Amino acid sequence: MNRDQVFEFFRRLAEENPAPTTELESTNPYQLLVAVVLSAQATDASVNIATRPLFERVKTPQQMVALGEDRLRDAIKTIGLFNTKAKNVIALSQALIDQHGGEVPRTREELQALPGVGRKTANVVLNTAFGEETFAVDTHVFRVSNRTGLAPGKTVDEVEAKLEKIVPQPFRRDAHHWLILHGRYICKARLPECWRCPVIGLCRYKPKTPPPGERAKPSAARTARRASSAARTGKGRTGATPRAGRSRSRPSRLP
């Protein structure tokens with residue numbers, strides 16, 4: 001996409017959703033950090049189910065450490081990889097207490113130094129909690145960026161670098177939320193819902209998915225081909241034409 005097309009791409013997404021944000025529920029930067037760590041290889045919905053009661057009791061790193069790994073593990077046992085995640089959350093909470101006075105740091109380097117925190121998690125926290133113009137590339141952002149031709153790349157780092165380069169103001173702060181939500185609800189992995197996509201005219205994805213009603217009806221040409229194939233198959237299996245391998249007479253039984 002050229003510069004004008006990229007601008008129009010995000011303008012349309014912004015028109016559809018003027019105030020996008022994460023679907024992970026939290027009340028402060030620490031809870032957000034924990035929720036993002038827990039969301040690895042899990043859905044936001046499943047994380048929210050587990051963290052709603054947890055976050056009523058735990059709002060600070062000190063309270064998380066006091067809760068302890070065993071009780072945290074029990075609280076998040078419905079989330080995938082809960083054993084490892086519980087260990088990381090307790091460890092990062094202790095690191096926040098020891099190294100940052102219980103506060104969530106505001107630099108990517110300091111965030112990534114915490115247990116269980118990678119670049120994507122750091123970018124989400126910097127963007128959502130502190131308003132930084134970062135581009136967290138998850139599976140949805142990676143798919144949408146490549147499928148549409150917005151920011152194609154073979155790795156998440158390549159996609160992030162291209163987004164960093166091409167996304168214009170005033171869309172930079174919310175860009176990754178628009179892309180995540182677009183990939184989650186419209187540009188889906190298995191069957192993108194192209195018929196209701198606001199950026200369909202800008203997208204380079206060729207086999208556009210038609211509306212459900214049109215997909216259910218086979219084309220006339222396809223119906224004719226099926227009928228012709230059925231007719232040929234039936235003709236070839238009539239009784240007048242013996243099947244291969246059945247023309248020989250069977251040997252008689254030995255006396």
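1. In this note a pocket is an open set of points on a 1 Å grid over the protein atoms alone, with protein on both sides within 12 Å along at least five of seven lines, while a cavity is a set of points where a 1.4 Å probe fits but cannot get out, and lining residues have an atom within 4 Å of a point. Grid points are joined across faces, edges and corners, and a volume is the space filled by probe spheres set on the points.

2. The model is predicted, so that local features need pLDDT of at least 70 and side-chain atom pairs count only at pLDDT 80 or more, whereas totals for chains, interfaces and linings use all residues. Residues are numbered from 1 along each chain as its sequence is written, and side-chain values use heavy atoms, with hydrogens and water left out.

3. The protein chain contains 13 helices and zero strands, where helices (H or I, at least four residues) and strands (E, at least two) are DSSP runs numbered from the N terminus. Of its 255 residues, 39% are buried, meaning under 20% relative accessible area with a 1.4 Å probe and protein chains only.

4. The largest pocket holds about 420 Å³ of space, and among its 22 lining residues Ser39, Asp44, Lys120, Asp138 and Arg184 lie nearest the centre. Two or more lining residues come from each of α8 (119-130), α9 (139-148) and α11 (175-185), and α11 gives the most, with five. By class, this lining has eight nonpolar, nine polar and five charged residues, counting Ala, Val, Leu, Ile, Met, Phe, Trp, Tyr, Cys and Pro as nonpolar, Asp, Glu, Lys and Arg as charged, and the others, Gly among them, as polar.

5. The second largest pocket has about 200 Å³ of space, and its lining includes Leu13, Glu16, Trp178, Leu181, His182, Tyr185 and Arg196. Here α1 (3-16) and α11 are the elements that give two or more residues, with the largest share, four residues, coming from α11. Six nonpolar, two polar and three charged residues make up this lining.

Technical notes:
Buried < 20%, exposed > 50% of the residue type's maximum accessible area, 1.4 Å probe, protein only.
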